[in-house]
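Hi everyone, thanks for making the time. I'd like to walk you through one model this morning, so please have the picture up as we go.

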Amino acid sequence: MRYPCATAPKPPTAATFLTPMIDVHNVTRQFYSKTVVDRISFHVDAGEVVGFLGPNGAGKSTTMRMLTGYLPPTSGGIKVAGHDILTDSIAARREIGYMPENVPLYTDMRVKEYLHFRARLKGLSGKELRIRVGAVMDRCGLTDVRRKIIRTLSRGYRQRVGLADALVHQPKLLILDEPTNGLDPNQIRQVRELIQDLSENHTVLLSTHILSEVEAVCGRVIIINEGTIKAADTPENLVNQLRRAGTVHLEIQAVPEIAEAKLREISVIKKVTLECEIEGGWKRFVIRAESGTDVRQKIVALCAANGWPLREISRLSANLEDVFVELTQRQI
Amino acid sequence: MTAFITILRKELRGFFLSPVAYVVISMMMIVQGVSFLFALKPLLTGPQNMSLVQAQFTGALFWIPLFVLFPLITMRLFSEEQKMGTLEMLLTAPVRMADVVLAKFFACLIFYIILWLPTILHYLLLEWIGGIEHAFPVYALAGAFCIIVLLGMMNIAIGCLASSLSANQIVAGVLTFALIVMLFLLGHLPGSSLGGLSEIVQEFFEHINSDLHMQRFSSGMVDTRPIAYYLSATAVLLVATTFTLNARRWKN
């Protein structure tokens with residue numbers, strides 16, 4: 001069977017946009033009696049770049065393995081580009097470029113030989129195969145090592161071989177399980193740039209522990225913990241929804257009761273607490289305002305009006321890391 | 001089909017690029033040469049009641065190397081994939097498990113058949129150098145090769161199953177060795193001093209007696225029952241291999 005979309009890219013039709021690239025419906029995966037993934041549902045639309053976050057053992061890799069058809073779900077349904085991953089597995093797998101965690105490779109093959117083998121497995125042949133393999137080697141920076149045996153390559157190069165393999169058949173969907181795991185900062189940057197590049201004409205689902213990477217690359221984030229989805233939204237929305245965002249720390253000299261009462265008069269301030277008293281009459285307050293507001297200017301004005309000496313005012317700027325910690329930290 | 005051929009080619013290439021293959025090939029050439037010589041020698045003293053072909057393929061020199069050969073060529077097949085995790089790469093490409101199992105099986109079988117080709121040359125050399133016409137019974141040799149291939153299919157399938165059961169090559173190899181030797185010895189049970197076996201049991205063990213099959217085929221007697229036995233055993237073992245591999249990937 002020939003690989004259909006390799007010869008000429010099909011023009012996008014209405015149906016291409018309407019069917020989600022990944023459609024996960026109520027999927028559960030158990031290993032013996034242990035539930036690793038518990039009734040998760042989510043979907044990824046064509047053209048999206050989605051970050052899949054979660055602590056170790058949260059069920060990320062298990063979910064990705066189910067998406068690629070390597071593991072069947074215990075219950076629930078998965079569709080990739082409209083194909084059911086169980087009943088129409090081969091067609092679904094043709095649309096996927098998958099790079100597993102730790103990138104297993106045949107270490108006794110040469111880079112080019114391996115990529116040729118993989119391309120042929122995925123249905124490419126002849127001139128087209130040679131062109132595609134050349135193109136992905138070029139893109140992933142493998143041209144210089146194409147004659148080397150994979151065993152002799154460093155971790156970074158092996159990772160690139162895995163990525164080249166995932167790309168070689170021009171899949172619609174890329175599933176990358178920790179693509180930057182174990183790379184040095186320069187290599188991480190290269191991979192990130194490559195993913196940004198790819199996002200122009202691929203749908204990407206990637207898992208990672210490096211949150212700055214997600215903020216830089218992903219348009220949407222799915223956070224999973226203990227087998228359930230905790231949040232799925234854009235990084236900005238997640239950060240804004242965080243309770244701690246917008247918290248202001250204030251150090252002034254004032255009578256605590258009066259200061260608290262006056263601060264509460266500012267409309268967007270929800271809560272004022274006296275954190276501690278410091279030597280020399282300094283009082284430290286923690287002020288929680290409504291999310292998405294900045295009350296510092298109003299507080300400074302208030303202090304000036306009342307003649308309270310002020311020596312520190314700071315606003316916590318939350319980032320994705322705070323969201324991640326809040327959603328996934330084990331409650332003790 | 002494309003996937004099957006691609007994996008078959010890759011596996012065959014893997015065989016011939018590894019030094020182990022050449023060690024096995026050389027060992028087999030030596031063993032075959034020696035066993036041919038041992039079969040030839042008694043003919044110097046006078047006529048024998050076994051043909052040259054039968055003498056070569058029924059002795060200990062034929063069987064013992066085989067017991068070692070099968071574990072050596074099959075232990076790597078699935079154990080290595082499981083240990084390295086490469087099965088995940090293979091099965092997330094548009095490839096069926098049956099493609100993978102069959103491709104590896106046939107790659108191994110082709111390598112095994114190649115190992116036996118020098119023997120044919122020995123017989124041809126006997127004609128060419130000796131200048132003797134009809135130096136050996138051609139149909140007996142064909143029969144012997146028939147059993148060599150059929151037996152090879154079954155034993156390679158045993159090796160496939162064993163290597164799908166363990167990620168450790170040594171464990172897979174030892175298991176293959178044990179199963180093959182056990183099967184061979186079971187066939188000899190009726191002939192042993194044990195005795196007291198009912199007729200049906202005796203007949204059953206005769207059906208799986210590879211030595212007996214070889215004796216018959218190498219004297220030119222072709223029987224369809226052993227053919228059915230080897231082919232069906234191969235099919236069952238390969239299906240079991242597929243199930244084992246699926247079960248093992250689904251539970252980890």
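**Charges, patches and turns**

Let me begin with a count: over all chains, the structure holds 19 salt bridges. By salt bridge I mean a side-chain nitrogen of Lys or Arg within 4 Å of a carboxyl oxygen of Asp or Glu.

Two housekeeping notes before the details. This is a predicted model, where local features need pLDDT of at least 70 and side-chain atom pairs count only at pLDDT 80 or more, while totals for chains, interfaces and linings use all residues. Residues are numbered from 1 along each chain as its sequence is written, chains are lettered from A and ligands numbered from 1 in the order in which they are written, and side-chain values use heavy atoms, with hydrogens and water left out.

**Salt bridges**

In chain A, D197(A) forms a salt bridge with R139(A), and their closest N and O atoms are 3.6 Å apart. This pair links distant parts of the chain, with D197(A) in helix α8 (residues 185-198) of chain A and R139(A) in helix α6 of chain A, 58 residues apart. When I say helix or strand, I mean DSSP runs numbered from the N terminus: H or I of at least four residues for helices, E of at least two for strands. How covered are the two partners? D197(A) is partly exposed, with a relative accessible area of 39%, and R139(A) is partly exposed too, at 40%. Those words have cut-offs: buried is under 20% relative accessible area, exposed is over 50%, and partly exposed is in between, with a 1.4 Å probe and protein chains only.

Next, a pair within one helix. E260(A) and R264(A) form a salt bridge, with the closest N and O atoms 3.7 Å apart. Because they are four residues apart in helix α11 (residues 256-264) of chain A, about one helical turn separates E260(A) and R264(A). In general, an α-helix has 3.6 residues a turn, so residues three or four places apart point the same way. R264(A) is partly exposed, at 44% relative accessible area.

Over in chain B, K10(B) forms a salt bridge with E11(B), the closest N and O atoms being 3.3 Å apart. Are these two buried or exposed? K10(B) counts as buried at 15% relative accessibility, and E11(B) counts as buried at 2%. They also belong to a network of salt bridges that links K10(B), E11(B), R76(B), E80(B), E81(B) and K104(B).

**Surface patches**

Which residues gather in a patch of positive charge on the surface? They are K112(A), K127(A), R130(A) and R147(A). Patches here are made of residues with over 30% relative accessible area and no salt bridge, joining like charges within 9 Å and nonpolar side chains (Val, Leu, Ile, Met, Phe, Trp, Tyr) within 5 Å. Lys and Arg count as positive and Asp and Glu as negative, with His and the chain ends not counted. R147(A) sits in the loop between α6 (126-139) and α7 (155-167) of chain A, and R147(A) is exposed, at 58% relative accessible area.

Chain B has a nonpolar patch on the surface, formed by V23(B), M27(B), V68(B), L72(B) and F177(B), with about 400 Å² of accessible area together. Accessible areas come from the Shrake-Rupley method with a 1.4 Å probe. Both α2 (19-40) and α4 (60-74) of chain B supply at least two residues of that patch. M27(B) is found in helix α2 of chain B and is partly exposed, at 44%.

**Covered helices and positive phi**

Helix α3 (residues 60-67) of chain A is mostly covered, with six of its eight residues buried. Those buried residues are K60(A), T62(A), T63(A), M64(A), M66(A) and L67(A). After α3(A) comes G69(A), with a positive phi near 85°.

In chain B, helix α5 (residues 76-84) has L77(B), F78(B), S79(B), E81(B) and Q82(B) buried. G85(B) follows α5(B), and its phi is positive, near 80°.

A81(A) lies in the loop between β4 (75-80) and β5 (83-84) of chain A and is buried, at 18%.

Key: The place of a charge is taken as NZ of Lys, CZ of Arg, CG of Asp or CD of Glu.
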